[in-house]
Amino acid sequence: SDTALYNLAARLRVELAKVDNVGLTFIVGGRPEEIRIEPDAAAMSARGVSLETLMTAVKAANTSFPAGNIRQAGQAVTVGAGQTLQTATDVGLITLPSVTGQNVLVRDVATVIQAPREDQSHVFRYARLTDGTWGQSPAVSLAIAKRKGANAVVLSHAVHARVEALQGTLIPANVQVSITRDYGESANEKANELLFHLGLATVSIVILIGFTIGWREAGVTAVVIPTTILLTMFASNLMGYTINRVSLFALIFSIGILVDDAIVMIENIARHWGMNDGKSRRRAAIEAVAEVGNPTIVATLTVVAALLPMLFVSGMMGPYMSPIPANASAAMIFSFFVAVILAPWLMIRFARKTLKAGEHGHSHDHEGFIGAIYRRVAAAIIRDKKSAGRFLAWVGIATVVACSAFYFKAVTVKLLPFDNKSELSVMVDLPEGSSVEATDAVAQSVARIVLAMPEVVSVQTHAGTAAPFNFNGLVRHSYLRASPYMG
């Protein structure tokens, strides 16, 4: 029954609350037991008891408060005064004041019933049976949220293990327990995917530098990028941010720009060495860094200045998006110091013992293959005033066309990105005043359509109550959908 399922979920909730880092838990569905008082108007009138008197007496009787502590055997025990009504018999024995002066009990003027709560919501689950057909059964959902700072993946595994340990003891054999939404597992998959792309971006940059500048410079970059990322993670920890999907995205977002400073330094050091003007490698490296130091500082601060305003966004999106400007700005600042300190030292350490003329093909007079292509294109653009103006005009037109895509809605602009979730929610709103039975009937009809789809594993319907919600539900206020006409 719905009541038995609710009681089982309540006991399971107590057990899972013992798991480390379990925070908020709540139950959706089921019919908990309640004590109902149904006044008898005729009996109340005959005994001179008003409805307000009945309500006040019951409320006053169901009151308890701490009265102090008792210290005994090295322990302090809190003592409470008053009482908490537990059964219908307790409520029925409450004495009421009467205008006639006689002793009147609640059971004399009202019917006291202890029974499952009247149906205010319907929750059902469809699951595939062994014969391949779909079976419908009442369901109760237990939602679990982690504590702040806890690892959702670790908590998810702990909850799985605890539920499996309770099978056959707390959980009877005729009750099926299924985990319908495991955001710990999905968070683990997304984090692993982001780490993969972080490594892929690093390898791609190293290979690109190896082909365009040189493999020694690529080796320096392969050391610079992880060093900068580790320093950024250290700063992120000091600022109170955890490694999550948003902060990992910030690292991937910044990996393309945090290597710019190092590339500038490495390229200029290689150019100075290629000039072969009689200076030592150490002296040439120092002059190369000093030559591009000021422009690199300005470029780094420009990127930081462009990112930091996002840190002061107010509302709910402020703390959600703040890891991006915080981590990206920290990465840029650390990348500058790594570029001017670590990169030149690594260039000297990785250099060959003897310096050859025109080393790396970066001689003072040779511009290289890429430089030749750039010179050819740039020369055509700035050949005369007319060609330069024509190029600027095309750039302006392209800018206007790109910006117009937002106005004409050619690109989708939304608060949160689309995500490949394993579940789909269908909201049903009937006209206000519709009964929960009517809402449930519509939800069941939608479920029957969905069950025909081969990708569907299970279906839950909620009528008159909100389904367990996630972050998206917080944004959309799905947890407020508890009216009878909502499903």
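Predicted model: local features only at pLDDT ≥ 70, side-chain atom pairs only at ≥ 80, totals over all residues.

Biologist: Fine. Where does glutamate 118 sit in that scheme?

Modeller: Glutamate 118 is in the loop between β7 (110-116) and β8 (122-128).

Biologist: Which residues does glutamate 118 touch, not counting those up to four places away in sequence?

Modeller: Arg31, Glu34 and Arg36. Glutamate 118 counts as partly exposed because its relative accessibility is 48%.

Biologist: OK, zoom out. How many helices and strands are there in the protein?

Modeller: The protein has 17 helices and 11 strands.

Biologist: What's the radius of gyration like, next to a compact globule of 487 residues?

Modeller: The protein has 35 Å, while a compact globule of that length would be near 23 Å. The C-alpha trace spans about 115 × 65 × 50 Å along the principal axes.

Biologist: How much of it is buried?

Modeller: Buried residues are 33% of the 487. The protein exposes about 29600 Å², and 61% of that comes from carbon and sulfur atoms.

Biologist: What about charges, how many positive and negative side chains?

Modeller: There are 41 positive and 36 negative ones, and the centres of the two sets are 10 Å apart.

Biologist: Let's go inside. Which residues touch the most other members in the largest nonpolar core?

Modeller: That core has 19 residues, and the ones touching the most other members are Val220, Val224, Ile266, Ile269, Trp273 and Met347. The elements giving two or more residues to this core are α8, α10 (260-275), α11 (281-307) and α13. Of these, α10 gives the most, with six residues.

Biologist: Which contacts does methionine 347 have, leaving aside neighbours within four places in sequence?

Modeller: Methionine 347 is in contact with Arg216, Glu217, Val220, Ile266, Ile269, Ala270 and Trp273. There's also a second, separate core of 18 residues, which includes Ala201, Ile205, Val304 and Met332.

Biologist: Now isoleucine 348. Where is it, and is it buried or partly exposed?

Modeller: Isoleucine 348 lies in helix α13. It counts as partly exposed because its relative accessibility is 28%. Not counting residues up to four places away, isoleucine 348 touches Trp273, Arg282 and Ala285.

Biologist: How far apart are isoleucine 348 and alanine 331?

Modeller: 24 Å, C-alpha to C-alpha, at 17 residues apart in sequence.

Biologist: What about asparagine 327, why does it count as buried?

Modeller: Asparagine 327 counts as buried because its relative accessibility is 2%, and the cut-off for buried is under 20%. Asparagine 327 is found in helix α13 (residues 323-350). Leaving out residues up to four places away in sequence, asparagine 327 touches Thr232, Ser236, Ser247 and Ala250.

Biologist: And alanine 235, where does that one go?

Modeller: Alanine 235 is in helix α8 (residues 215-239). At 11% relative accessibility, alanine 235 is also classed as buried. Beyond its neighbours within four places, alanine 235 is in contact with Ala330 and Phe334. The C-alpha atoms of alanine 235 and alanine 331 are separated by 8.9 Å, though the two are 96 residues apart along the chain.

Biologist: What share of the contacts with a separation of 6 or more comes from residues 24 or more positions apart?

Modeller: 70% in the protein.

Conventions: Residues numbered from 1 in each chain as written. Heavy atoms only, no water. Helix = DSSP H or I, 4+ residues; strand = E, 2+ residues; numbered from the N terminus. Rg over C-alpha atoms; globule rule 2.2 N^0.38 Å. Buried < 20%, exposed > 50% of the residue type's maximum accessible area, 1.4 Å probe, protein only. Contact = heavy atoms within 4.5 Å. Areas by Shrake-Rupley, 256 points an atom, 1.4 Å probe, with all protein chains shown as cover. Lys, Arg positive; Asp, Glu negative; His and termini not counted. Charge placed at Lys NZ, Arg CZ, Asp CG, Glu CD. Core = buried A, V, L, I, M, F, W, Y, C linked by side-chain atoms within 4.5 Å.
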